[in-house]
Amino acid sequence: MSEIPSDLRYRESHEWVRIEDDGTAVVGISDHAQGELGDMVFVELPESGTSYEQDEACAVVESVKAASDIYAPLSGEIVEANPMLEESPELVNSDPYGEGWLFRLIPSDVSQIESLLDAEAYAELQED
Amino acid sequence: MRRTPLYKAHLANGARLVNFGGWELPIHYGSQIDEHHQVRHAAGMFDVSHMTVVDIHGPRSREFLAYLLANDVAKLQRPGKALYSCMLTEQGTVIDDLIAYFLDEEWFRLVVNATTRDKDLAWMERQGAEFGVSIRENSGLAMIAVQGPQARDRVASLLLASDATAVAELKPFTAQHFGELFIARTGYTGEDGFEVSLPAGQAEDFWQNLLATGVKPCGLGARDTLRLEAGMNLYGQDMDEDVTPLESGLGWTVAMKDDRDFIGREALESQQVNGPGRHLIGLVLEGRGILRSHQRVLTDRGEGETTSGGFAPTLQKAIALARLPVGAEAACQVEIRGKLLPARMVKVPFVRNGAACEGIL
């Protein structure tokens with residue numbers, strides 16, 4: 001069984017979001033998603049300063065198996081892409097909720113978080 | 001789905017299983033990339049029991065295969081010798097690729113792909129009728145490929161001392177029976193090693209014994225990246241019944257020097273007159289990104305397409321096989337999700353015996 005931290009919110013397409021104390025939102029992919037995709041070999045991240053609407057494709061993760069689009073779980077402006085992933089995409093596999101985070105954004109409407117799944121609902125989704 | 005005799009062992013080893021042409025087989029046992037490196041640097045083993053073993057019996061077996069196959073079984077003079085060949089349609093296109101083993105004058109063994117089993121057997125039956133040969137699938141065998149620089153020593157360590165000496169002396173592309181084991185010095189990884197066929201009932205013990213000597217289980221995922229680095233074609237992906245061996249980097253496997261009559265010869269000869277317009281060649285992506293199959297390739301002589309692509313763990317670069325116009329400049333572009341990225345054509349293999357080949361990096 002994959003790990004699903006209870007303090008995060010999830011998109012059905014397996015992205016997770018964590019709202020930090022400074023109000024920014026960190027985004028990554030779930031343990032379940034990295035397990036399904038297999039070893040990561042390339043991550044294409046959005047540039048700082050670009051803005052995305054909720055549900056817009058904004059990044060690509062490529063594993064040995066396939067390329068997958070990553071969708072913005074919240075609308076907002078990108079402020080940082082994980083600089084470690086260019087050299088070490090495997091961090092997405094080894095630490096999907098920690099060092100393997102993808103990008104950080106400033107949400108333009110933090111109430112959108114309510115439209116995302118909580119841990120329990122996301123866990124149910126995986127059981128289906 | 002069909003399961004091999006090693007199914008339980010795969011579960012016990014933590015395999016992630018997938019449907020591969022109707023067979024439930026491991027894609028990896030944790031990390032595909034670790035398994036890839038294991039084979040390049042030490043020894044790994046693959047369950048390839050899904051491969052189809054076909055035994056050809058009868059006094060006219062050699063004559064039949066000389067007609068059936070594009071490579072010439074006349075090259076097989078010593079018992080145990082193996083030959084890689086395509087089996088072609090009358091149009092010269094590829095029905096399957098296979099390995100033929102010469103066991104004795106009345107017994108040859110073919111190992112063909114699992115995904116093409118039914119059409120291969122039907123084609124052989126049809127062509128074999130006039131030669132009076134018996135064509136029988138040997139479905140009672142399991143097959144384990146043990147590959148990597150330490151593979152041969154590991155296998156030898158499991159045999160009787162007298163057999164161990166003989167197996168150590170087995171030449172590349174040669175096979176021999178050792179009791180009920182049929183050991184061939186062949187593989188699909190670009191590394192040294194053996195492919196061992198054995199009675200299904202003995203497969204699990206043999207697998208566990210290999211595990212105990214330090215050979216790590218590897219899945220279909222690593223098998224695919226290893227063969228791609230080794231520049232070896234995958235049937236159904238890099239060639240099929242729409243292309244000839246001359247368009248698939250396999251001209252070297254077609255024996256046309258003498259006047260032997262074989263299926264597809266006429267078509268290949270007429271294709272040779274003008275030269276095939278396309279050929280299969282290696283690509284290395286210059287920058288960051290991943291090559292996949294069916295990406296568009298732009299050259300100065302027109303367009304082509306990747307047939308297999310992926311991240312090459314040994315090279316830490318993206319590589320592909322691509323079918324491209326003959327005579328194009330090496331510098332080309334590949335379309336990846338709407339962007340054109342620079343790539344370079346290279347001669348395959350990309351990797352042999354653990355290291356990048358000259359001109360690849």
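I looked up the polar contacts first: the interface of chain B and chain A has 11 residue pairs in polar contact, both at pLDDT 80 or more (a pair of N or O atoms within 3.5 Å, one able to donate a hydrogen and the other to accept it, with residues adjacent in sequence counted only if both atoms are side-chain atoms). I note that this is a predicted model, in which local features need pLDDT of at least 70, side-chain atom pairs count only at pLDDT 80 or more, and totals for chains, interfaces and linings use all residues. Residues are numbered from 1 along each chain as its sequence is written, chains are lettered from A in the order in which they are written, and side-chain values use heavy atoms, without hydrogens and water.

Next, salt bridges. I found 6 across the interface of chain B and chain A, each a side-chain nitrogen of Lys or Arg within 4 Å of a carboxyl oxygen of Asp or Glu. A:Glu86 pairs in this way with B:Arg288, with 3.8 Å between the closest N and O atoms.

Then the extent. Chain B brings 12 residues to the contact and chain A 15 (heavy atoms within 4.5 Å). The buried area is about 1300 Å², 42% of it from carbon and sulfur atoms (accessible area, 1.4 Å probe, lost by two parts on being put together, summed over both). B:Arg288, B:Arg292 and B:Arg337 supply 47% of what chain B buries against chain A, more than any other three residues.

Last, inside chain B. I read domain 1 as 7–50 + 140–228 and domain 2 as 278–361, bounds that come from an automatic or database assignment. Their C-alpha centres are 29 Å apart. Between these domains of chain B I counted 0 salt bridges.
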